[in-house]
Each structure stands twice: as structure tokens, then as C-alpha cells.
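Here are a few exercises to work through with the model open in your viewer. Try each task before you read its solution.

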Amino acid sequence: MNFASLIESHGEQAVLALGGLVIGALFGFFAQRSKFCLRSATLEFWHRSFGKKVAVWLLAFSSAVVGVQWLILSGNMDAASTRQISATGSISGALVGGLLFGVGMVLTRGCASRLLVLSANGNLRALLSGLIFAVTAQAALGGALAPWRESISSWWTVDGGAARDLLALTHVGPWGGLAFGLLWLVAGLYFAVRSGCGLWKWAGGIGAGLAVAAGWGFNYWVSKNSFEVVPVQGLTFSGPSAEWLMRVVASPAPEIGFNFGLVPGVFLGSFLGAWVGKDFVLEGFRDGYSMRRYIVGAVLMGFGAMLAGGCAVGAGITGGAIFALTAWLALAGMWVGAGLADRLVDAPTRALVSHGHRHAHGHAHTHDHAPAHAGLAP
């Protein structure tokens, strides 16, 4: 049975859900094994260390760009038909939303996709943060926060089409996009070799990026072979998280589709990765300061993602791979927001803890008030 007959037999939505499950599982597995995380990469960048975390992110990002541009050049995808290119976009939303998301992911110590991956590994902090992220995203989409999102988004808009396509604006086309992706793939390989990345870092980073490309290709293939109008979409976690929340708490539930399979697929893939690597460990909050920090961060990420048009994966890699202008602006905002949050929130805490260690002379009570875990990953 070929794919076209599969759609005819089972329907577009069921095929999309199955594809989302499989592609999500692949992304979750590779992201877990490589410890793919935009937040970690941004902190390495701002600390000027350029180690394994930057290498993994570059491998994922460049692999997604190369994969998507190859799909376009081979006639298996049309970026102009995607919402990030064809619809009216918001430059103000991308910039402000990206900044808020970047601050939030530092406070929660993980972006939206990373929280989902960590939740499957037994991290209860990430699980709670992910739930708050989903609630806030839904509130920003059609709830109490929607007027704020709409107001900020209206400040500065850009028409859909060529005005929102960086490859069209720069007149380099898909071949230029492919060359750009290959250049950054070489950079990722260089940092991977220099930092001593193991096999799973290499394979996981590249695999996560190719899963993003596969998401674009699969959705485009379904849209071309469907008798119904099927929007072409890629991997993202803000919209699907909000959709799953409504599926649980509202009736009737949203129609199944790619997003229906994506979220549980990532969870299952990450759980399998944790089982392979023996990484499953139950973890919770250490104190009240930590919990407040994660809650604030999750709220900022949820609102920021909906304002920016996607999360670190949805805008940063999925939208970046098709060279959508607003996606690149959102990604830049995330890097800047993460750097500001690290400098203004975490750097003073690190300095305080370091000062306490130098002068405490073994008396732990001299810095009991400082959250010693502030610099640790979730």
C-alpha cells in the first residue's frame, strides 16, 4: 500500500497523527541522547566557552536547514506555502516574544522542547513548568492574555510572501540557503571535534535537526496528496502543548492531526532515550525560591512563544530552516533575552555563592540564604 492509498483508507488526520508520533519519537530520542538545548547553548555562547552544547545546537540547526533546503530543491517542499512565510507576520511580536522566551528559558533552565524531554526523564520541575507553559500559551492564544498578545503583535507587522522570506529578500534562493546550512554544519562539526563530543552528541544533534526537516517534508507530502486542505506545518511545541491542554480540559476536543501525535511521540522517544542511557531519575524542587523561579519562567515562555510565533524549536529551528524573517528575529531575541537573564539574575547569584565559599571557612550557614543550585541544569 502506498502513502496515497494510506490517506484514502484512513484519512488525512489519522495519517498526520501517526507521522507526528513517529517523527516526534525520533526528535525526542535524539534530543535526549544529545542533550539538545537552546538555553544551554546560549549560556555557553555568552560565557564564550563554545563547547559541546553550542556544537550540538549548531549541528541540529544546520542539519535542519540543509535537510529543508534539499527538500525544496528536490521539489518535495514549497516553503512559500507555509504559514511562517505566506501569512502576515509580526516583527514586534517576534522581537518582544523572543526576548521574553529567552528570559523564561533561563529561569526554567530549559526551553519548551527541553522541558518535555526532561519530563519523560523523571524531572518533576520540568513537568510542572511544562504544564504552566501550556496553560499560559493557551491563555495567550485565546484567553485572558490574548488582548495583550494581539496588541503587541499589531505594533509592527510585515506582509506575507517575499517580504517575509529572507532567501527572497537577499536574492540567494534555496541554493544560498543550502550553502548557508552547510557552512554552519562545518562550524558545528568543528566545535564538536574541538570540545570532544561523543558519538551520541554528533548523532543526536544531527538526528534532531533531520527530524525537524522530516516534519516539514511529511506535512507537505500529506498536503499534496490530500483531497482536503491540509496546512503545511513543522515541529513546534507551543501550539501543540496548548492543544493538548484543551484536549484534556475541554469538550469537544480539538481534531486530531500532526500535533496530536507529536507531543506524546517526543515524550515516548525521550523516555526510550533515558532508558537506553540509564538517565531516568526522579527530581523535584529544592526550595521555594526555585519553584517561584520556574513558575515565572514558564509564564514568560508561554506568552513569549505565542507572541513570537513559536518556541525555540518552532521559531528557532523549524521557522529558521525555511528562512522566515520573523523566525530569525525571534531566535535573535531568544539569544539576547537569555544573555540578559543570565547576567541580571544568575550572575549576581553566582558571585554571591562564590563569595560565600571563599569566606565561609566551612560554615555553610553564611550563605544558606543563597540558592546554591542556581547555576545547575534541571
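Helices (H or I, at least four residues) and strands (E, at least two) are DSSP runs, numbered from the N terminus, and the expected span of a helix is 1.5 Å times one less than its number of residues. This is a predicted model, in which local features need pLDDT of at least 70 and side-chain atom pairs count only at pLDDT 80 or more, while totals for chains, interfaces and linings use all residues. Residues are numbered from 1 along each chain as its sequence is written, and side-chain values use heavy atoms, with hydrogens and water left out.

**Exercise 1. Follow helix H14 from end to end, and find what covers its buried residues.**

Step 1: get the length. H14 covers residues 258-277, which is 20 residues, and reaches 28 Å from first to last C-alpha, close to the expected 28 Å.

Step 2: pick out the buried positions. Buried means under 20% relative accessible area, exposed over 50%, and partly exposed in between (1.4 Å probe, protein chains only). In H14 the buried set includes Gly261, Gly265, Gly269 and Gly273, along with Phe258, Leu262 and Val266. An α-helix has 3.6 residues a turn, so residues three or four places apart point the same way.

Step 3: look at the cover. Helices H2 (12-34), H7 (112-119), H12 (199-225) and H13 (238-249) are among the elements covering those buried residues.

Step 4: step off the end. Lys278 follows H14, and its phi is positive, near 55 degrees.

**Exercise 2. Compare Lys35 and Phe323: which loop holds each one, and is each buried or partly exposed?**

Step 1: check the backbone. Lys35 has a positive phi near 60 degrees, though it isn't a glycine. Phe323, another non-glycine residue, also has a positive phi near 60 degrees.

Step 2: Lys35 sits in the loop between H2 and helix H3 (38-46). Phe323 sits in the loop between helix H16 (314-321) and helix H17 (325-360).

Step 3: check accessibility. Lys35 counts as partly exposed because its relative accessibility is 42%. Phe323, at 5%, is buried.

**Exercise 3. Zoom out: how many helices and strands does the protein chain have, and how does its radius of gyration fit a compact globule?**

Step 1: count elements. The protein chain has 17 helices and 2 strands.

Step 2: Buried residues make up 53% of the 378. Of the contacts between residues at least 6 apart in sequence, 81% join residues at least 24 apart.

Conventions. Contact means heavy atoms within 4.5 Å.
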